[in-house]
Amino acid sequence: MQVFISHSSANAPLARRVEKLLAAHGIESWLDSSDIRIGTLLRTELQEAIVASKAIVLLWSKRASLSRWVAAELLTAYHSNRFVVPCVLDATPLPYFLENTLNLPVGARTTKWSDALLRAIAKAPKSRNRVPATLRSESPQLTDAIDAAAAGQGKVLEALDRRDLAAAQAMQALVDRLLQAMRKSWPLEPMVWNLSGYNEKNRYTIKHWGAIQAGRPPKNKLLEKAERYFFDSLFGNPDDYSALNGLGSILVYSRDFAAARFFIKRAIALARREGVSYEEAKSDLKLIAQAR
């Protein structure tokens with residue numbers, strides 16, 4: 001049996017303790033302690049380790065909630081049909097899609113925590129965590145705002161297709177203001193996060209148009225913001241194929257092709273399940289193939 005340990009580097013000492021605990025009970029574990037966490041998000045070796053594991057032990061904390069590596073590992077586990085066992089280190093809320101899962105608090109008063117962890121691993125089902133039902137009611141105002149933001153983003157892309165940067169910048173400024181107001185009015189709405197992710201991607205594309213056309217997209221804080229928005233959206237609904245492809249497209253710009261390929265393929269598969277031919281995602285997949 002193999003178990004994958006997902007953790008923030010800030011919680012590495014505890015991760016090593018868990019590794020030793022599992023080894024003492026004959027359980028092999030996969031712990032990423034390499035310096036890869038300052039570079040590539042989801043290399044092939046890591047993906048294979050998640051797929052080969054019976055369960056993923058998640059060491060969840062404030063630092064873990066901010067880690068792009070932990071976010072990628074959790075979503076990879078979910079989309080690889082692997083069960084996550086959350087071990088909660090502080091009061092940071094778990095991602096919504098894990099809220100129905102029994103979690104194991106970690107602390108000085110939890111004397112039986114190690115026994116509970118071993119039992120949870122032994123009883124882990126051979127399938128991913130069950131996502132809680134989404135109980136949401138979209139007001140007419142939110143629907144209108146979403147439609148307006150999506151239409152505005154479409155016009156930005158149309159202007160870029162015409163290579164009319166001035167028109168793209170003008171429309172982008174309008175969409176920026178609209179989404180800023182939407183985030184203030186509906187701060188917990190996943191669709192607003194999703195649109196915000198695409199918006200940061202469009203801002204990046206306009207700002208670095210010349211470098212992108214030359215095949216040399218630079219690293220930039222806008223990409224990091226876009227990535228975070230998509231992660232937050234997927235923590236609410238990991239099956240949102242638009243958010244999955246948005247995340248993948250950001251990773252193409254970051255030249256993190258293994259992770260991009262994984263998430264874009266999942267976006268295409270989920271869209272196909274709903275009868276949607278996701279041509280934009282297929283185009284992104286072709287970009288990755290050309291970059292190899």
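Which residue does the side chain of Asp 232 meet in a salt bridge? The partner is Arg 228, at 3.5 Å, N to O. The model is predicted: local features need pLDDT of at least 70, side-chain atom pairs count only at pLDDT 80 or more, and totals for chains, interfaces and linings use all residues. Residues are numbered from 1 along each chain as its sequence is written, and side-chain values use heavy atoms, with hydrogens and water left out.

**View 1. Asp 232 and Arg 228 in helix α10.** The two residues are 4 apart, about one turn of the helix. Helices are DSSP runs (H or I, at least four residues), numbered from the N terminus. Asp 232 is partly exposed at 28% relative accessibility, and Arg 228 is partly exposed at 21%. Partly exposed lies between buried (under 20% relative accessible area) and exposed (over 50%), with a 1.4 Å probe and protein chains only.

**View 2. Salt bridge between Arg 68 and Glu 227.** The N to O distance is 2.6 Å. The pair links distant parts of the chain, 159 residues apart: Arg 68 is in helix α4 (residues 68–79) and Glu 227 in helix α10 (residues 221–236). Arg 68 is partly exposed at 21%, whereas Glu 227 is buried at 6%.

**View 3. Salt bridge between Lys 282 and Glu 279.** The closest N and O atoms are 3.6 Å apart. Both residues lie in helix α13 (residues 279–291), 3 residues apart, or about one helical turn. Lys 282 is partly exposed at 32%, as is Glu 279 at 45%.

**View 4. A network of salt bridges linking Glu 200, Arg 203 and Lys 225.** A search of the whole structure finds 7 salt bridges, each defined as a side-chain nitrogen of Lys or Arg within 4 Å of a carboxyl oxygen of Asp or Glu.
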